[in-house]
Amino acid sequence: MIETVKRQAASSKWYIKTAFKWSLIALLIGIICGAVGAVFSISISKVTVLRISYPYLLYMLPLAGITIVFIYKKFNVSGLGTDEVIVAAREGSNMQFLQVPAIFIGTILTHLCGGSAGREGAALQIGGGIANKLSRILKLNQNDTKILTRVGMAAFFSALFGTPVAATAFGTMVVNVGTIPYSAIFPGLLASIISADLAAFLGASPERFHVAAPVFSHVMLLKVAVLSVLCAVVSVLFINILHFVGELYKKYFNNAYYKVIFGGFLIIILTIILQTGDYNGAGVNVIERAIEHGQANPFAFLIKILFTAITLEAGFKGGEVVPSFFIGATFGCWIAPLLGIPAGFGAAIGMIGVFGGATNSFLSPLFLSVEVFQSAGFLYFAVVSIICYLFSGYSGLYSSQKIVYSKLGIEQIDAHPNHYHESENKR
C-alpha cells in the first residue's frame with residue numbers, strides 16, 4: 001500500500017512538473033506570437049487600405065515580386081515554405097530562421113501590390129519558425145521540438161484569426177492527419193488563447209461574421225450534404241489548378257525572376273480586364289459580402305482560383321487558406337439558392353467546406369465555424385466538415401502532410417496528399 005502511494009506521488013509530481021514546464025513555454029510562445037502576430041495582422045490591414053486608396057500600387061507588383069525573390073535568395077531560403085514547417089514539426093528538425101523575416105516581408109509586399117494570397121502560410125511559417133528557434137535556445141530535445149513547433153504554428157494562426165480552438169486543432173493536427181498528438185494540445189491551446197488575446201489587445205481584429213442558420217430539419221440537412229459534396233469537388237479543383245499552373249511555370253520559366261515578373265504582369269492585365277480589385281489581396285470584403293449579404297458573382301470562385309494560382313505559383317507569398325475561404329464562400333453563395341438553401345448560410349457552409357477539403361481537416365473547420373459564426377448551425381457545419389474531408393480524397397494544399405489512415409477504411413496508409421489514390425491500396 002505504501003509503495004503504491006509512493007509511486008502515485010512520484011507520478012503526480014512528474015505530471016505537475018511537466019504541466020508547469022509547458023505552461024511556462026506556452027506563455028512565452030503565446031506572448032511572442034501574439035505580439036509579432038499583431039504587428040503582422042495590422043501591417044496586412046494597413047497595406048490593404050493603402051492598395052485600395054492608391055490603385056496604381058498594382059503596377060508595382062512585378063517589382064514587389066523581384067524584391068521577394070531577391071530576399072529569398074539573399075537569405076538562402078529559396079523554395080522553402082509551409083511544407084518545410086510541417087516536416088520540422090513531424091521530425092523535430094531545425095528550420096532556417098531567416099525563413100521567418102522572408103515570409104513576413106514577402107507577404108506584406110504581395111498584399112501591398114495586389115497579389116491574390118492569404119495569411120496562413122505566413123502564420124504557420126512564422127509561428128513554427130519562432131517556436132523552432134526557441135526550442136534550440138532552450139535546448140529542448142527532439143520530441144519537445146516537435147511539440148513546440150506545432151504550438152508555435154497554432155499560436156500564430158490564432159493571433160491572426162482570433163480563433164484559439166480552431167488554431168490549436170489546425171496547428172497540432174495538420175502535420176499527421178488521423179493521429180492526434182495529445183501532448184501538444186494543452187500547450188497549443190494555452191499559447192493560442194494568450195496569443196489571440198494579446199493580438200486583439202494590441203489592435204488586431206479577429207475574424208467574425210454574422211450568419212443566420214436555418215432551423216434544423218432533415219430536409220435542410222440533406223441539402224447541406226449535397227452542397228458539401230460540391231464544395232469538396234471545388235476544393236479538389238482549386239488544388240489541381242494550383243498544381244497545373246505551377247507545372248506550367250516550371251515548363252516555361254527556369255529563372256525565378258522572370259517567372260515572378262510574368263506572374264505579376266498577368267495579375268495586372270487580368271485586373272484591368274475585370275475592372276475590379278475584388279480578386280486582389282485576401283478579399284475579406286468579398287467573403288463578408290457573400291456571408292452577411294448573400295451577394296456573390298457566380299464566377300467569382302473560379303476567378304479567385306485563377307488569381308491565387310497565378311500569384312502563389314509565380315513566387316509571391318501569403319497562403320492559400322484565406323483564398324479557400326473566398327472560393328468557398330462565393331461558390332456556396334451562388335449555388336446554395338439553387339438547392340433551396342439561403343445564400344448567406346450557403347456562403348458560410350462553402351467557406352468551411354472548401355477550407356476543410358483543401359487542408360484535409362475536419363475538426364479545425366468545425367471549431368472555426370463555432371468561433372467565427374458564434375455556434376450558429378453547429379450540426380450543419382459538423383456535416384459539411386466531415387463530408388468535405390472524406391470527399392476531397394487525397395488532394396491537399398500541403399504535400400508534406402501525412403494522411404495516416406485511409407479515408408474509406410481503417411487501414412494505416414501513411415499517404416502524402418496528391419501522390420496517393422485509394423485504389424492503389426486495394427491492389
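This is a predicted model: local features need pLDDT of at least 70, side-chain atom pairs count only at pLDDT 80 or more; totals for chains, interfaces and linings use all residues.
**Core.** I started with the largest nonpolar core and got 123 residues. Ile-291, Met-351 and Phe-373 have the most contacts inside this core. I then looked up which element gives the most to it: helix H9, residues 218-252, with 13 residues. Domain 1 (1-202) and domain 2 (218-413) both contribute residues, so I put this core down as lying between them. I also found a second, separate core of six residues, with Val-177, Tyr-389, Tyr-394 and Ile-413 among them.

**Met-351.** I skipped the neighbours within four places in sequence and listed what Met-351 touches. The contacts are Phe-209, Ile-287, Ile-291, Phe-325, Gly-328, Ala-329, Leu-368, Val-372 and Phe-373.

**H11 and H14.** How do helix H11 (residues 284-293) and helix H14 (residues 343-359) pack, and at what angle? I noted an angle of about 130°, with the axes 6 Å apart. From H11, Ile-287, Ala-290 and Ile-291 meet Ala-343, Gly-344, Ala-347, Ala-348 and Met-351 of H14. By class I have seven nonpolar residues in this contact, one polar and no charged.

**Gly-106.** I found this glycine in helix H4, residues 99-112. Is Gly-106 buried or exposed? Its relative accessible area is 2%, and the cut-off for buried is under 20%, so I marked Gly-106 as buried. Beyond four places in sequence, Gly-106 is in contact with Ile-68 and Lys-317. I also checked Gly-318: it sits 212 residues from Gly-106 in sequence, but 7.5 Å away in space, C-alpha to C-alpha.

Note on methods: Residues are numbered from 1 along each chain as its sequence is written. Side-chain values use heavy atoms; hydrogens and water are left out. A nonpolar core is a set of buried Ala, Val, Leu, Ile, Met, Phe, Trp, Tyr and Cys residues joined through side-chain atoms within 4.5 Å. Buried means under 20% relative accessible area, exposed over 50%, partly exposed in between (1.4 Å probe, protein chains only). Helices (H or I, at least four residues) and strands (E, at least two) are DSSP runs, numbered from the N terminus. Domain bounds come from an automatic or database domain assignment. Contact means heavy atoms within 4.5 Å. Axes are lines fitted to C-alpha atoms, for helices over the stretch in contact, and angles run from 0 to 180 degrees between N-to-C directions. Ala, Val, Leu, Ile, Met, Phe, Trp, Tyr, Cys and Pro count as nonpolar, Asp, Glu, Lys and Arg as charged, and the others, Gly among them, as polar.
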